[in-house]
Amino acid sequence: AVGIQLQWCITATYCTGVWNGASTLLSEKVSQMMEWASKRAVIRMNGEKFRRLIRAPPRNYSVVIMFTALQPQRQCAVCKQADEEYQILANSWRYSNAFTNRIFFATVDFDEGSDVFQMLNMNSAPTFINFPAKGKPKRADTYELQVRGFAAEQLARWVADRTDVHIRVIRPPNYAGPLMLGLLLAFIGSLAYLRRNNLEFLFNKNVWAFSALCFVLFMTSGQMWNHIRGPPYAHKNPNTGQVSYIHGSSQAQFVAETHIVLLFNAAVTLGMVLLHEAVTSDLDIGKRKIMCVAGIGLVVLFFSWLLSIFRAKYHGYPYR
């Protein structure tokens, strides 16, 4: 009985020591993370920091890491754009009243932590991964960048879904929009004042038709989707270096893709206008024939290219 009691005491003492050691180690890790976060909202990590503060237990905090390649020689324009939005998200959390040590934001650059990329079998950037406080990252802990874009608001929704931490994104004031609107209104006001004795241009059907066409082309090309989702301009394959301007899925798009669609729609519209003018104008027959041929060429060529883009995004589309 005395031996059993002695063994129990030794075991209890050992467990208490281990628990105290783990508690001390956890406290040191949290203090270290808080110290870094107080200096920079996004903590820069290398392989050693990643293994010690993220991979090695114990850990009672979540860490969202952006794996990126920001060095100029990498020529990753998307990484720079995503980093700007990521900084906005991290600063919104760092300077909010709800800031705690439940979650931290960090980044691992390929040139500073290539061993981390190899450890996680990663071959593309940027990539966002949430490392939860308990357990290993699941599939949903990897952010679907190609589908959701990298806007800070979209990242905040994903963080709230994975960590139950709600971040109110606060963007720095941007005066470019109000300034451009003010300049536009000033230009229109000046034009109206200079031509105050002759305002017939306001009743010109061609001016209003052109303005309406520009608005329709702008809205139907997907610009509003870009404004809401914040997708990358294009995608560069890190292995082959090939740049894709058309997204291969019907659930997402690139900014360059909307510009291409806008150009093609405008060309088709111009072709239809030329065909209409060829029939209704009073020009000589030779010029009308040229307008007719040019109109048919524009419609056939650019509408065929639009169908090709549609087929590339909607696989199995039967028409050509």
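1. Domain bounds in this note come from an automatic or database domain assignment. The lining of the second largest pocket draws at least three residues from each of domain 1 (1–163) and domain 2 (204–313). The model is predicted, so local features need pLDDT of at least 70 and side-chain atom pairs count only at pLDDT 80 or more, while totals for chains, interfaces and linings use all residues. Residues are numbered from 1 along each chain as its sequence is written, and side-chain values use heavy atoms, with hydrogens and water left out.

2. A pocket is an open set of points on a 1 Å grid over the protein atoms alone, with protein on both sides within 12 Å along at least five of seven lines; a cavity is a set where a 1.4 Å probe fits but cannot get out; lining residues have an atom within 4 Å of a point. Points are joined across faces, edges and corners, and a volume is the space filled by probe spheres set on them. The second largest pocket has a volume of about 540 Å³.

3. That pocket is lined by 16 residues, and Glu85, Asn226, His227, Ile228 and Gly230 lie nearest its centre. Helices (H or I, at least four residues) and strands (E, at least two) are DSSP runs numbered from the N terminus. Both α3 (77–94) and α9 (223–229) supply at least two residues of the pocket lining, and α9 gives the largest share, five residues.

4. For residue classes, Ala, Val, Leu, Ile, Met, Phe, Trp, Tyr, Cys and Pro count as nonpolar, Asp, Glu, Lys and Arg as charged, and the others, Gly among them, as polar. The lining of the second largest pocket divides into seven nonpolar, five polar and four charged residues.

5. There is one cavity of 30 Å³ or more. The largest cavity has a volume of about 50 Å³, and its lining includes Ala37, Trp93, Arg94 and Phe105. By class, this lining has nine nonpolar, no polar and one charged residues. At least two lining residues come from each of α3 and β3 (103–109).

6. A nonpolar core is a set of buried Ala, Val, Leu, Ile, Met, Phe, Trp, Tyr and Cys residues joined through side-chain atoms within 4.5 Å; buried means under 20% relative accessible area (1.4 Å probe, protein chains only). The largest such core has 25 residues, and Tyr86, Leu89, Phe105, Phe128 and Val159 have the most contacts inside it. The largest share of this core, seven residues, comes from α3.

Technical notes:
Buried means under 20% relative accessible area, exposed over 50%, partly exposed in between (1.4 Å probe, protein chains only).
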